[in-house]
Amino acid sequence: MENMALYLLAFLVFPGFLFTSTFGLVVSWIDRKVSALVQWRVGPPFFQPFYDLFKLWQKELIIPRNAKGTSFILAPFIGLVATSLLATIIGIINLKPEYQFVGDAIVILYLMIIPPLAIIWGGFSSGNPFASLGASREIKLMMGYELPFILAVAAVFFKVGSISLGEIIQYQQVHGALLNHPSMLVAFVVSLLWLQAKLGEIPFDISEAECEIMEGPFIEYSGPLLGIYKVMMAMLHVVCPWFLITIFWGGASMQGWGILWSLLKFIFIIVLVVLIKNTNPRVRIDQAVKFFWGWVTLLALISMILMFLGY
Amino acid sequence: MSNLSTRWLKKSPWVYHIGTGGCNNCDIEILDCLTPRFDVERFGIKLVVTPRHADVLLVSGPVTYHIKPRLQEVYKQVPKPCVVACIGACACSMGIFKDAYSVAGPVDKVIKEVDPNAIFVYVPGCPPKPETMIMALVKALQKI
């Protein structure tokens with residue numbers, strides 16, 4: 001019973017929902033501030049993402065007449081719960097690698113597909129042609145980016161000889177970060193490209209292209225439900241880089257000076273994502289799928305071959 | 001309107017831009033607002049692309065008969081509380097289009113047909129300067 005309460009606390013407060021969402025909103029401030037600096041502007045104040053969220057919470061909630069009400073309302077919550085669960089699992093295993101369970105990395109890979117699925121579900125149920133267009137693009141993009149990423153993660157599994165996150169961390173504590181191997185460096189590059197598409201950032205924000213299909217799946221969402229989507233996206237901006245740090249870069253330590261080092265790794269990845277976002281134009285969906293199934297999958301295969309050759 | 005419901009609206013007004021038959025001059029000035037020179041993101045003002053996300057409607061131009069039902073429909077789609085900003089002389093009082101055969105009326109009259117309690121901000125000028133628009137928005141959001 002006591003264990004149950006502890007897990008619930010982990011899910012709701014740290015490292016689950018509350019911690020990740022607060023940190024995620026700070027990350028979205030970093031995102032906006034760095035973009036502003038790139039564009040030679042001043043940028044928003046530090047609490048701007050929080051203001052946005054509180055304001056959305058106070059706005060009217062409109063459910064369109066054509067929408068399928070239940071799934072329209074449920075979709076954001078499902079995405080939010082899945083993301084919180086992801087944060088909980090990754091966080092707990094980073095804190096205490098012995099809390100691992102068999103195949104937790106596989107569970108994480110599956111859970112990571114749920115937030116895009118929630119967006120797709122919400123988009124299709126909102127009864128708007130632009131939302132359906134955006135949702136169908138999201139499906140295609142998802143099929144594109146998941147293949148090379150799973151190959152890259154499989155390379156890590158073979159290198160370590162385990163499919164559990166805790167053992168991957170322990171392996172790195174003994175042998176040094178996996179990034180030191182050339183094969184894993186290639187896999188990391190593949191994962192960074194995956195990250196860009198997963199977070200829906202330019203050049204791969206095809207599904208929510210603002211000036212083209214008007215935010216795609218989010219077009220009919222207003223008020224609190226839009227706020228929940230914003231929180232979910234902010235949390236994904238924390239969880240996905242965290243997962244990459246865990247499997248490639250020796251994990252995010254939470255003790256002493258380790259916190260600072262983990263934070264630096266994290267900010268490096270986020271700033272890299274923002275810089276790519278600010279210096280590239282949006283690609284078309286066919287270009288994106290070709291890119292992922294062509295060049296990026298090739299890179300992932302190269303990483304796999306290098307790994308089997310022992311590099 | 002209660003104090004609570006607009007407390008955070010001042011901090012992050014998201015604007016949606018709708019042209020209702022103007023000469024495009026005000027629209028260009030609105031776009032000037034969003035450039036790095038004026039940088040309205042400092043005040044949390046952000047351009048959104050769908051009325052569902054909007055808090056402020058930036059309407060420019062006299063309302064023609066053709067666009068009147070569309071403007072009313074867009075206004076109904078905006079989640080309340082929201083503010084309607086009439087940008088330019090035409091939107092405020094029809095300007096040189098007064099008594100023209102194709103014009104349905106100034107923005108406030110058209111929107112009051114669907115919602116008598118709508119909140120308006122008038123920004124006269126042909127076109128108004130970006131500074132004027134920013135000031136008008138700030139003043140309006142402090143009033144409500």
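Chain B of this predicted model contains 5 helices and 7 strands. Read from the N terminus, its elements follow the order β-α-β-β-β-α-β-α-β-α-β-α. Its radius of gyration is 14 Å, close to the 15 Å that the globule rule gives for 144 residues, so chain B is as compact as a globular protein of that length. The C-alpha trace of chain B spans about 40 × 35 × 25 Å along its principal axes. Of the 144 residues in the chain, 44% are buried. Among contacts in chain B with a separation of 6 or more, 83% are between residues 24 or more positions apart.

B:Ala85 gives a closer look at this chain. The residue sits in strand S5 of chain B, which covers residues 83-87. B:Ala85 counts as buried because it has 24 C-beta neighbours inside 10 Å, and 20 or more are needed for that label. Leaving aside residues up to four places away in sequence, B:Ala85 touches B:Val56, B:Leu57, B:Leu58, B:Val59, B:Val121, B:Val123, B:Ala136 and B:Leu137. As for B:Ile28, which is 57 residues apart from B:Ala85 along the chain, the two C-alpha atoms are separated by 16 Å.

B:Asn24, in the loop between strand S1 (14-19) and helix H1 (25-33), has a phi near 85°, a positive value in a residue other than glycine. B:Asn24 counts as exposed, with 11 C-beta neighbours inside 10 Å. Further along, B:Cys126 and B:Pro127 are joined by a cis peptide bond with omega about -5°. B:Pro127 belongs to the loop between strand S7 (119-123) and helix H5 (130-143).

Chain A has loop features of its own. A cis peptide bond, with omega about 5°, links A:Ile202 to A:Pro203, and A:Pro203 lies in the loop between helix H8 (182-198) and H9 of chain A. In the loop between H9 and H10 of chain A comes A:Met214, a residue other than glycine whose phi is positive, near 55°. A:Met214 is buried, with 21 other C-beta atoms within 10 Å.

Next comes the nonpolar packing. The largest nonpolar core has 88 residues, and A:Ile90, A:Ala187, A:Val190 and A:Val239 touch the most other members. Helix H10 of chain A (residues 223-248) contributes the largest share of this core, 18 residues. Apart from this core lies another, of 41 residues, which includes B:Ile45, B:Ala89, B:Ala104 and B:Val121. Back in chain A, A:Val239 touches A:Thr20, A:Thr83, A:Leu86, A:Ala87 and A:Ile90, not counting residues up to four places away in sequence.

H10(A) also packs against helix H11 of chain A (residues 258-278): their axes come within 10 Å and cross at roughly 115°. The crossing of these two helices is right-handed. On the H10(A) side, the contact is made by A:His237, A:Pro241, A:Leu244 and A:Ile245, while H11(A) brings in A:Lys265, A:Phe266, A:Ile269 and A:Ile270. Sorted by class, this contact has 6 nonpolar, 1 polar and 1 charged residues.

Finally, the two chains meet: 26 residues of chain A are in contact with 16 residues of chain B. On the side of chain A that touches chain B, helix H3 (48-58), helix H9 (210-213) and H10 each supply at least two residues. H3(A) gives the most to this side, with 6 residues. The residues on this side of chain A divide into 12 nonpolar, 6 polar and 8 charged.

Notes
Residues numbered from 1 in each chain as written. Chains lettered and ligands numbered in written order. Predicted model: local features only at pLDDT ≥ 70, side-chain atom pairs only at ≥ 80, totals over all residues. Core = buried A, V, L, I, M, F, W, Y, C linked by C-beta atoms within 7 Å. Buried ≥ 20, exposed ≤ 12 C-beta atoms within 10 Å, placed from the backbone. Helix = DSSP H or I, 4+ residues; strand = E, 2+ residues; numbered from the N terminus. Contact = placed C-beta atoms within 7 Å. Axes fitted to C-alpha atoms, helices over the stretch in contact; angles between N-to-C directions. Left-handed = near helix turned anticlockwise from the far one by under 90°. Nonpolar A, V, L, I, M, F, W, Y, C, P; charged D, E, K, R; others polar. Rg over C-alpha atoms; globule rule 2.2 N^0.38 Å.
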